[in-house]
Every structure is written in C-alpha cells, then in structure tokens.
Amino acid sequence: MKTLYEPAVAHQPAPPTGQVLKGQYAGAYRSDKGKIKGLLLRAGETEYTIKLPKYLRPMLVRELAPGEFVQVWAYAEADRWRAINVLPLPECEAETLRQQWGDLTPVAESPQPKQKRLCIEVCSKGKCFKQGGRQIYNELQEAVDGNPELSHVSVKAVGCMKACKHGPNLRLPSGQMLHRASPAEALARLDAKR
C-alpha cells in the first residue's frame, strides 16, 4: 500500500541502445519533395537507410562524398535506423574494411539528377474560390496526374494570397503570381521556366 509521503516513481522508458555502424557512404536519401532526410550506408552487401537529426543533414552535402568510409552511431527504431552522430572512419579501419569486403564497386550518386520538385499554389479562399479557384485546382491536378512528364509538379490549395480583386489567383514556383489564369496558361509558364 502506498502512503501519502512516498514519492511517485515515474517509469521512464530506457534510452535506446545504440551501436556503431561502419561502412561506405552511398549517398543521401531524400523525401519525395527532395529534402535530405538521412544517408545510405553500405556495409559489404548490406545497405542501411539511416535517418539523421536535422542538425547533421547539411554535413552530408558539405563534408562527405559518396564512397567515403564513415562510422555512424545509431540505434534501431522499429523498421529504421536513427543516427546520433556521423564521423569519418580512420584510414587504417577503412583499409581493413576494403580488404574484408573485397572489391567494392564505386558508389556514385544517380547519373542523372532528379528533376526539381515544383509546386503550383492555388488560392482556395473567399472570392478566389467563388470565382473558379476550385475548378482551376481540380483541372491542374487532373493535368498533372494524367501526364507522366509532369510527375515533378504538385498542386497545392493555399490560403488567401491578398489579391482577391484579381482572382482566381495562382502562384508559380518562381513566386510569380498569375491572376485570372487558366490551368493551361500556368502549365505553359512552368514549361517556359525549365
């Protein structure tokens, strides 16, 4: 029985047990929008996808080149790995791994770069909505979904763009606003920018 004066014992989950993964940096892994989320680590025949905290993500682009050997302090979480830190592997350890794994084919980023994701924003508030914003959004979405060449384009319904008198309004990825534009005009302007 618990008395009034006994302190409550808070049951906190044990911190995750980490381990050091050593291998060859195979490149960054990215979200669907192209943002860096983590790294791909190749250890012999195995490839790990490891999520990085935000403060470590810029390091991938600035300091690591595909093919470099690194050590990653990480812990397993459900079906993925989460990193705590990434450091270059000392050359003597990297040479040992090269000998253990035999000839590794060089790791390189994909030969052709991914197309940059583009987003067309459509005002879906107030006057724009009443003046045809919904129809423009639906038509743009159908055009993008129906054309594989536009797989890098997304359409997003957004709040007021503060140009209600000129609606319906669209904003292209360049930041340019289109007033009373048709979906065909918006897509044509997108193609002209490429």
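Okay, quick one to start: which residue in E2 is the bridge partner of Tyr 29? It's Gly 38.

Before I go on, this is a predicted model, where local features need pLDDT of at least 70, side-chain atom pairs count only at pLDDT 80 or more, and totals for chains, interfaces and linings use all residues. Residues are numbered from 1 along each chain as its sequence is written, and side-chain values use heavy atoms, with hydrogens and water left out.

So, the strands. Strands here are DSSP runs of at least two residues, labelled E and numbered from the N terminus, and two of them pair if DSSP finds at least two bridges between them. E1, residues 19-30, pairs with E2 in the antiparallel sense over six bridges.

E2 itself covers residues 36-43, and because seven of its eight residues are buried, the rest of the structure largely encloses it. Buried means under 20% relative accessible area, exposed over 50%, partly exposed in between, using a 1.4 Å probe and protein chains only.

Now, cysteines. Counting a disulfide as a pair of cysteine sulfur atoms within 2.5 Å, we get zero. Cys 128 has its closest cysteine sulfur in Cys 123, at 3.7 Å, so that's too far for a bond. Cys 128 is buried at 1% relative accessible area, while Cys 92 is exposed at 59%.

Methods
Helix = DSSP H or I, 4+ residues; strand = E, 2+ residues; numbered from the N terminus.
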